[in-house]
Amino acid sequence: MTFKRQDGRKIDELRPMKAKIGVVPNADGSAMFQFGDTIAIAAVYGPKKMHPQHMQNPEKGTLRCNYNMISFSVNDRIRPGPSRRSTEISKITEWALEPVLMIKQFPNMVIDVHINILQANASTRCAGINAAAMALAHAGIPMKEMVSSVSIGKLDKQLVADVSKYEEDWKEGEGATDIPITLTNSGKLTHIQLDGKISFSQLKEAMELAKKVTKEIHEIQKKALKEIGEEQ
Amino acid sequence: MDPVRKVSNLTGNRIKEYLAEGKRFDGRKPEEFREIIIETGISKNAEGSAKVKIGKTEVMVGVKMAISEPYADSPDKGNLMVTAELLPLSSPRYETGPPRFEAIELGRVIDRGIRESKFIEFEKLCLKEGEKVWTLFIDIYSLNDDGNLLDAAGIGAIAALKTAKIPKYDEVEEKVIYGELSNESIPLKKELPISMTVHKLGDNFIVDPTLDEEDVSETRITICSSEGVISSMQKGETKELTSEEFNKILDIAEKTEKDLFKQLKTKIGK
């Protein structure tokens, strides 16, 4: 293993993680999740009656996520309001979370999850999904299991876990490939995206790496949720 | 969330039962595409254009070019913008108004597939570093939605790019002379970035779903790859996948890419 990461991490080492529950007192559930310099906060409102009425689904509840980057979360100010990118990430987040929610218990209802990125240094959608999963648990929404999300990177030919901004902009060799992956704690895939260049066989390796490191994320999420349980 | 009525549960369940026996309503095998028909040069005023039919699904894709300033992080490279519109004329499900998620996702998935594959040689689309570069607009329009717009749009984008000619440029006036095309093609790599989507219905996997099949699809993965190298991927919809299922999807995609590549080579040519 001669590959050196700019911040000195091992190839399968995540940035220091922090997780905190109850960061938004007004919300029914809320959480913060941090990968190094990437900070996401998520708040859950609901389940509540869906308005307008024609949006109601009598077969199951609706999960509605809203991913938003705070204008000053990055170097070049982001224009406030939704963009094509944020619209897509919001939907991806819904798809990543819904499989573990027992959403059939809430016909005609909606569960709103608001995710805001306070500070960005790559892997923001993963941090957002991790925070949202914790916030949903905190809100007491029945869940089959937890989900944990991480972005696996391929820098030139080397796979690494939890891509930083520096690594995302990797130019040497085959450049950077970014693969955000979300897994349930039993190892089922609820979300994957990929940008870059990778062979079919190495992608399978990337999946194994994701499986390994999401276990660590799951522990952090679980620990934060347990702590709040003890306080009450 | 879905105000539009989709295929009835009865038909949906029948589709899945059939599929469990390896059969589809239209007699195709699970991993078989409908016939693909590609027509290029469908609009004279576009720099490049194509119409792609996959079965009854039809999309139009056009390429337009303009001179603009490069982005700060790529001063010596051309730009790419991909947008998609799901026209109300193409299905009772679509309405006028600002793009909804489906259209946004379609545009973004095709954008990433083309961009990340490095199919377009953007460094050759720079006129003056830091000041003037070509911007490529790829615009996708649905004409008739009978499922699998994603893959049709991907093929259409390649066909439109392949057949496009760069418009003439007046160096003195610093203006593009629209309507007059040069003989120059857009600089492209040989390998085609092929988008294909594998769907999971019950315990079975299919490619190229019809609209009814798409309605009962529980999850899908769109993969863009060229000659065995994946350049982009996106999982859509809410059903989770086990590792085995994910690997199965990769195997299907790898095989499908080869089949589609052969077809496209003869149909688009060069």
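**Notebook: cores and the chain A sheet**

I started with the nonpolar cores of this predicted model: the largest has 122 residues, and A:I152 and B:I120 have the most contacts inside it. By nonpolar core I mean buried Ala, Val, Leu, Ile, Met, Phe, Trp, Tyr and Cys residues joined through side-chain atoms within 4.5 Å; buried is under 20% relative accessible area, exposed over 50%, partly exposed in between (1.4 Å probe, protein chains only).

Next I looked up what B:I120 touches (contact: heavy atoms within 4.5 Å). Leaving out residues up to four places away in sequence, I found B:L80, B:I114, B:L125, B:L136, B:L161, B:I186, B:P187 and B:L188.

Then the sheet. In chain A, 5 strands form an open, mixed sheet in the order β1-β2-β3-β5-β4. Its edge strands are β1 (17-21) and β4 (62-69), each pairing on one side only. Strands pair if DSSP finds at least two bridges between them; helices (H or I, at least four residues) and strands (E, at least two) are DSSP runs, numbered from the N terminus.

I checked β2 (29-35) against β3 (38-49) of chain A: they are antiparallel over 7 bridges. A:Q34 stands opposite A:I39 there.

Last, the chain A helices. α1 (84-97) lies across β4 and β5 (109-119), at about 140° to β4. α2 (124-138) lies across β1, β2, β3, β4 and β5, at about 150° to β2. Axes are lines fitted to C-alpha atoms, for helices over the stretch in contact, with angles from 0 to 180 degrees between N-to-C directions.

Bookkeeping: residues are numbered from 1 along each chain as its sequence is written, and chains are lettered from A and ligands numbered from 1 in the order in which they are written. Local features need pLDDT of at least 70, side-chain atom pairs count only at pLDDT 80 or more, totals for chains, interfaces and linings use all residues, and side-chain values use heavy atoms, leaving out hydrogens and water.
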